[in-house]
Amino acid sequence: MKLMNKLKERRANNKGFSLVELIIVIAIMAILVGIVGTQVVPYLNRSKESKDLQLINSYSTAAMTACSTYAEKMPSGDFTVDVYGTATADSFEALVQAEIKKLTGYDQLTDLTQKMTSTAKDSITGIKVTYDANKKQLTTEAVGTDLDKVIADM
């Protein structure tokens with residue numbers, strides 16, 4: 001019985017954590033956040049680059065579809081389409097350019113950096129699609145960046 005009374009007295013006298021204990025816990029949490037934070041930042045940057053590469057891949061898929069749609073008008077040699085550049089009216093490049101914009105849903109887009117998330121968005125000048133007739137490959141790239149090019153076989 002005495003033991004139970006002592007435990008009850010201790011509980012009644014316990015006022016919670018001391019200020020020193022709370023400061024130590026906060027300091028430990030701050031150190032852990034600092035360590036984990038520095039480890040997470042590179043993964044976040046890689047994630048943003050992957051998202052940008054996925055965006056370029058969507059342009060590549062749209063370019064493949066556009067070239068298939070207008071296959072009868074496709075030139076016999078190499079060609080290049082600047083998706084957000086100027087193209088000669090009624091040319092194959094203009095048709096493909098308009099179709100790519102429509103298929104990606106970015107036909108009203110004026111500033112491509114709105115869709116990019118990595119540090120490459122500051123240096124991008126456009127999206128370029130190049131067709132190599134000898135290799136029968138379509139290469140899509142973000143001009144002005146070091147992001148990987150997307151190569152698709154036709």
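Contact here means heavy atoms within 4.5 Å. With that in hand, welcome to this structure.

The model is predicted, so local features need pLDDT of at least 70 and side-chain atom pairs count only at pLDDT 80 or more, while totals for chains, interfaces and linings use all residues. Residues are numbered from 1 along each chain as its sequence is written, and side-chain values use heavy atoms, leaving out hydrogens and water.

**The whole chain**

The protein chain has three helices and four strands (DSSP runs: H or I of at least four residues for helices, E of at least two for strands, numbered from the N terminus). Its radius of gyration, taken over C-alpha atoms, is 29 Å, well over the 15 Å that the globule rule gives for 154 residues, so the chain is more spread out than a compact globule. That rule is 2.2 Å times the number of residues to the power 0.38. Along the sequence, the order is α-α-β-α-β-β-β.

| Property of the protein chain | Value |
|---|---|
| Contacts with a separation of 6 or more that join residues 24 or more positions apart | 53% |

Buried means under 20% relative accessible area, with a 1.4 Å probe and protein chains only.

**A look at D52**

D52 sits in helix α2, which covers residues 19-69. Although buried, D52 has no salt bridge (a side-chain nitrogen of Lys or Arg within 4 Å of a carboxyl oxygen of Asp or Glu). The nearest side chain of opposite charge is K51, 5.7 Å away. Leaving aside residues up to four places away in sequence, D52 touches K115, M116, T117, S118 and L147.

Definitions and conventions: Buried < 20%, exposed > 50% of the residue type's maximum accessible area, 1.4 Å probe, protein only. Lys, Arg positive; Asp, Glu negative; His and termini not counted.
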